[in-house]
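Student: Hi, I have just opened a structure I have never looked at before. Could you walk me through it?
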Amino acid sequence: MNESDQDRCPCRPLLDRLGDRWSVLLLVTLQEGPAHYGDLLRRIGDISRKILAQTLRSLERDGLVIRTVLADSVVKVRYELSPLGHSLAEPLSAIRSWIDDHQPTVEAHQRAYDARTDDPGVTELRRRRATPALAPASAAATRRLHLAL
């Protein structure tokens with residue numbers, strides 16, 4: 001383990017998992033009850049099969065999801081929240097509720113921010129400082145110029 005790994009917060013891997021858009025979407029979807037792989041694929045929508053499989057494996061590895069293979073005439077796989085996953089349901093529901101309540105306000109702020117034209121931003125200010133308008137030469141620079149001529 002290198003030094004930067006030792007300095008990382010031990011909660012970082014789990015925060016990274018919960019900060020991943022697909023993980024949260026799957027956990028929220030599974031709050032509604034167990035679902036088969038194909039059902040999850042349809043309900044999530046724009047997720048690829050590969051990403052869905054990887055995310056479900058990661059959530060299973062973390063103990064948040066239980067994978068059950070059902071051997072009928074056709075083998076099916078069912079996913080459901082584990083007890084640990086259910087314990088995460090309440091905070092996820094609170095976040096989802098907050099989003100539902102505040103999404104229009106956030107979108108209004110985004111539109112206002114995107115419409116701003118009077119704020120040059122840090123990059124523009126740095127560029128202006130790096131290429132200032134011609135400033136009057138200092139007395140020493142003027143003397144050197146006259147001596148050189």
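Predicted model: local features only at pLDDT ≥ 70, side-chain atom pairs only at ≥ 80, totals over all residues.

Student: OK, stepping back, how many helices and strands does the protein chain have?

Tutor: The protein chain has nine helices and three strands, and along the sequence they follow the pattern α-α-α-β-α-α-β-β-α-α-α-α.

Student: Is serine 82 buried or exposed?

Tutor: Serine 82 is buried, because its relative accessible area is 5%, which falls under the 20% cut-off. Setting aside neighbours within four places in sequence, serine 82 is in contact with Gly63, Leu64, Val65 and Ile66.

Student: What about serine 23, buried or exposed?

Tutor: Serine 23, in helix α3 (residues 21-30), is buried, with a relative accessible area of 0%. Leaving out neighbours within four places in sequence, its contacts are Arg17, Thr55 and Leu59. A polar atom of the serine 23 side chain lies 3.4 Å from the backbone oxygen of arginine 17.

Student: Which residue forms a salt bridge with arginine 17?

Tutor: Aspartate 62 does, and the closest N and O atoms of the pair are 2.6 Å apart. Because aspartate 62 lies in the loop between α5 (49-61) and β2, whereas arginine 17 is in helix α2 (residues 12-19), the pair ties together parts that are 45 residues apart in sequence. Aspartate 62 itself is partly exposed, with a relative accessible area of 25%.

Student: Why can side chains like that pair at all?

Tutor: Side chains of opposite charge can pair when their charged atoms come close.

Student: How many salt bridges are found in the whole structure?

Tutor: A search of the whole structure finds six salt bridges. One of them joins glutamate 32 to arginine 43, with the closest N and O atoms 2.6 Å apart. That pair links distant parts of the chain, eleven residues apart, with glutamate 32 in the loop between α3 and β1 and arginine 43 in helix α4, residues 37-44. Glutamate 32 is exposed at 56% relative accessible area, whereas arginine 43 is partly exposed at 40%.

Student: And where do arginine 42 and aspartate 39 lie?

Tutor: Both lie in helix α4, three residues apart, which is about one turn of the helix, and they form a salt bridge whose closest N and O atoms are 2.7 Å apart.

Student: New topic: which residues make the nonpolar surface patch?

Tutor: Ile95, Trp98, Ile99 and Val106 make that patch, which covers about 360 Å². Tryptophan 98 is found in helix α7, residues 89-115, and counts as partly exposed at 47% relative accessibility.

Student: Last one, how much of the protein chain counts as buried?

Tutor: Of its 149 residues, 20% count as buried, and the chain exposes about 11,500 Å², of which carbon and sulfur atoms supply 55%.

Conventions. Residues numbered from 1 in each chain as written. Heavy atoms only, no water. Buried < 20%, exposed > 50% of the residue type's maximum accessible area, 1.4 Å probe, protein only. Contact = heavy atoms within 4.5 Å. Patch = residues over 30% accessible without salt bridge, like charges linked within 9 Å, V, L, I, M, F, W, Y side chains within 5 Å. Areas by Shrake-Rupley, 256 points an atom, 1.4 Å probe, with all protein chains shown as cover. Salt bridge = Lys/Arg side-chain N within 4 Å of Asp/Glu carboxyl O. Helix = DSSP H or I, 4+ residues; strand = E, 2+ residues; numbered from the N terminus. Polar contact = N/O pair within 3.5 Å; in protein donor to acceptor, adjacent residues only side chain to side chain.
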